[in-house]
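Subject: Structure for your review

Dear colleague,

Please find the structure below, with my notes on what turned up in it.

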Amino acid sequence: NYSRAIRTIRATKGITQKQLASLANMDASYISRIEKGDRIPTLQAIETISKSLKVPLYLLTLLASEQKDLSEF
């Protein structure tokens, strides 16, 4: 659930969707649709967003994981 993870990290860092979009060189409406769950971001978009948020990709992916995904390991 990347929508929840991105929204949580962005809010924790005090960054608006518009600011994140600017940092990631993306359209603000694209960030908004990702956070609402209307769009599933590509791996490239996830990598760009994680770099823009200054969060390692593995951490963003871990935060996006569902409990059922983690219980299989």
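Is Ser-52 buried or exposed? Before the answer, two remarks on the basis of these notes. The model is predicted, so that local features need pLDDT of at least 70 and side-chain atom pairs count only at pLDDT 80 or more, while totals for chains, interfaces and linings use all residues. Residues are numbered from 1 along each chain as its sequence is written, and side-chain values use heavy atoms, with hydrogens and water left out.

Ser-52 is buried, with a relative accessible area of 13%, where buried means under 20% relative accessible area, exposed means over 50%, and partly exposed is in between (1.4 Å probe, protein chains only). Ser-52 lies in helix α4; helices here are DSSP runs of H or I with at least four residues, numbered from the N terminus. The side chain of Ser-52 reaches the backbone nitrogen of Ala-24 at 3.5 Å. Leaving out residues up to four places away in sequence, Ser-52 touches Leu-20, Leu-23 and Ala-24, contact being defined as heavy atoms within 4.5 Å.

The nonpolar core comes next. A nonpolar core is a set of buried Ala, Val, Leu, Ile, Met, Phe, Trp, Tyr and Cys residues joined through side-chain atoms within 4.5 Å. The largest one holds 18 residues, of which Ile-6, Leu-20, Met-26, Ile-31, Ile-49, Leu-53 and Leu-60 touch the most other members. Each of α1, α2, α3, α4 (43–53) and α5 (57–64) supplies at least two residues of this core, and α4 gives the most, with four residues. In soluble globular proteins, nonpolar side chains tend to be buried together.

Met-26 lies in the loop between α2 (17–24) and α3 (28–36), and, not counting residues up to four places away in sequence, Met-26 touches Ala-21, Ile-31, Ala-45, Thr-48 and Ile-49. Met-26 and Ser-50 are 24 residues apart in sequence, and their C-alpha atoms are 13 Å apart in space. Leu-60, with its neighbours within four places set aside, is in contact with Tyr-2, Ala-5, Ile-6, Ile-9, Ile-46, Ser-50 and Val-55.

Turning to α1, the buried residues there are Ser-3, Ala-5, Ile-6, Ile-9 and Arg-10, and the buried residues of this helix pack against α2, α3, α4 and α5. Ser-3 is found in α1 (residues 2–12) and has a relative accessible area of 13%. The side chain of Ser-3 makes a polar contact with the side chain of Asn-1 at 2.5 Å; a polar contact is a pair of N or O atoms within 3.5 Å, and within protein one must be able to donate a hydrogen and the other to accept it, while residues adjacent in sequence count only if both atoms are side-chain atoms. Beyond four places in sequence, Ser-3 touches Ile-34, Glu-35 and Gly-37.

A search of the whole structure finds one salt bridge, the term meaning a side-chain nitrogen of Lys or Arg within 4 Å of a carboxyl oxygen of Asp or Glu. Glu-35 forms this salt bridge with Arg-10, the closest N and O atoms being 2.6 Å apart. Because Glu-35 lies in helix α3 and Arg-10 in helix α1, the pair ties together parts that are 25 residues apart in sequence. Glu-35 is buried, with a relative accessible area of 4%, and Arg-10 is buried as well, at 12%.

Some backbone angles may also interest you. Asn-25, in the loop between α2 and α3, has a positive phi of about 55° although it is not a glycine, and Asn-25 is exposed, with a relative accessible area of 74%. Lys-54, in the loop between α4 and α5, has a positive phi near 60° and is likewise a residue other than glycine; at 72% relative accessibility, Lys-54 counts as exposed. α1 is followed by Gly-14, whose phi is positive, near 70°.

Finally, Leu-59 is found in helix α5 and is partly exposed, with a relative accessible area of 33%. The C-alpha atoms of Leu-59 and Ala-5, which are 54 residues apart along the chain, are separated by 9.4 Å.

With best regards
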